[in-house]
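Reader: I would like to learn how to read a few features of a protein model, going slowly from one to the next. Could we take the surface to begin with, then the packing of helices, and then the pairing of charges?

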Amino acid sequence: MILIHFLVMLAFIIIGAKIGGIGVAFAGGAGVLTLALLGATPGDLPMQVIVFIMVVIYAASAMQAAGGLDYLVNLTDRLLRAHPTYLAILAPLVTYTLTFMASTGQVSFATMPVIVEVAKDNNIRPTRSLSVAVAGSLLGITASPISAAVVFLSTQLEDRQTGWTFIDLILVSIPATFLGTMVTAVIFMLWDKARGNDTLEDVPEYQRRLAEGKVAAPKREVRRLRPGAKLSVLIFVTALVVVLTYSILISEKIGIIANPVMDAGQCRIAVMLAAAGMILVLCRTSPKEIPSSSIFRTGMNACACILGVAWLGTTFMSNHQEWIQTHLGDTISGRPWLFAIIVVVASSLLYSQAASTKALFPTALAIGVAPATVVACFPATSSLFILPTYPTLLAAVDLDDTGSTRLGRRFFDHPFLIPGLTATTLSVVFGFALSAIVV
């Protein structure tokens, strides 16, 4: 029966991927219904994960409506144009940092046109900068202290009394993903320069589009800022610091606040909602602008997708946890690299770091996978770049009007695969090294 259930789950995930967008959520729900008809008990709804994502989306959307995202994009534009030679390094640094701050990769969408324009202005092929920037954005989720994936995993580690706390988790995930992203950026920048593959004018497709007038001339668009733009960013960053500080103060390792009135998740929800309200009031932003913001629209779609896909994944895992523990427990727990591969494959189908964490990691801890291994493999949940259907990949391709960033004719021959796998693999390797030191 486990094989039939697995094939049903895989079939509906593939159907959702082909439909795309919010259709992923609908396919996930249909998959749960089918498994239930086959005798499976529906798993727990990932409502906590979804709520965590929603409140950050609210705050980030309020910041965007107040002009804060335009302010951040202007800063990005100035940084990249000041050092165009290092575009391949600075682009992923920017997307990683913004995602780390906002705990949503949606903020990185606004930087991609800037990356393309700077590349065109300096005769640089934008493909590599975009591909590693996408990987950096995805890995930033597993580093962000307020991301749903980090909060959920830290809660699991503490509730199971593994000896790992929220602080231990971020002490591994932040440097591991940062080093993985930046080392990958340096490697591919040097590789492209050595091969002479970093010049835009040598790309035939670019020359063809240029001759046909399909490539827009390089331009520098400095966005006009609303009066409350800078203040909205300050409020959002302050909220992030408050959530992080409170989580540290109530952690088992620090224990300064012994009997907190709120746990870390409740603090995250309250602070982010309060931050959104403060932005509306102090920055004089209309609440009607929030639902129409790009961060809100894409973020709510992401929540729906997580609802469907994560529920489908947890339904399968919860119904077959005993079988997995009996037949695969010793194999997986004794081979850390195998668990990392499983996480990579599953994450490429589940479309969300939070969904992957929710579906896989509690089961991994239950069947005896070492907590240090679980933490080290956590960055592998960012392997959403494998299938060429993820929104960030599609956005990067669409925004590059030079034609140098293309998905290819086959399913896996796209320019995001190798840089993404390199960054993820290095992050996991650094994770194992750091997890041996932290606890």
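**Reading the surface, the helices and the charges**

Author: In this predicted model, a nonpolar patch on the surface is formed by Leu 231, Leu 234, Met 278, Val 281 and Leu 282, which together have about 480 Å² of accessible area.

Reader: Which elements give two or more residues to the nonpolar patch, and which of them gives the most?

Author: Two or more residues come from each of α11 (229-250) and α12 (264-282), and α12 gives the most, with three residues. Leu 282 is a residue of helix α12.

Reader: How should I read the packing of two helices?

Author: Two packed helices are described by the angle between their axes and by the distance between those axes. Here helix α6 (residues 112-121) packs with helix α18 (residues 391-399) at an angle of about 35°, the axes being 9 Å apart, and the crossing of α6 and α18 is right-handed.

Reader: Which residues of α6 and α18 meet, and how does their contact divide by class?

Author: From α6, Met 112, Pro 113 and Val 116 meet Thr 392, Ala 395, Ala 396 and Leu 399 of α18. The contact of α6 with α18 has six nonpolar residues, one polar residue and no charged ones.

Reader: How many salt bridges does the structure hold, and what is the general idea behind them?

Author: Side chains of opposite charge can pair when their charged atoms come close. The structure holds five salt bridges, including one between Asp 77 and Arg 81, whose closest N and O atoms are 3.1 Å apart. Both Asp 77 and Arg 81 lie in helix α4 (residues 68-82), where they are four residues apart, about one turn of the helix.

Conventions:
Residues numbered from 1 in each chain as written. Predicted model: local features only at pLDDT ≥ 70, side-chain atom pairs only at ≥ 80, totals over all residues. Heavy atoms only, no water. Axes fitted to C-alpha atoms, helices over the stretch in contact; angles between N-to-C directions. Left-handed = near helix turned anticlockwise from the far one by under 90°. Contact = heavy atoms within 4.5 Å. Nonpolar A, V, L, I, M, F, W, Y, C, P; charged D, E, K, R; others polar. Patch = residues over 30% accessible without salt bridge, like charges linked within 9 Å, V, L, I, M, F, W, Y side chains within 5 Å. Areas by Shrake-Rupley, 256 points an atom, 1.4 Å probe, with all protein chains shown as cover. Salt bridge = Lys/Arg side-chain N within 4 Å of Asp/Glu carboxyl O.
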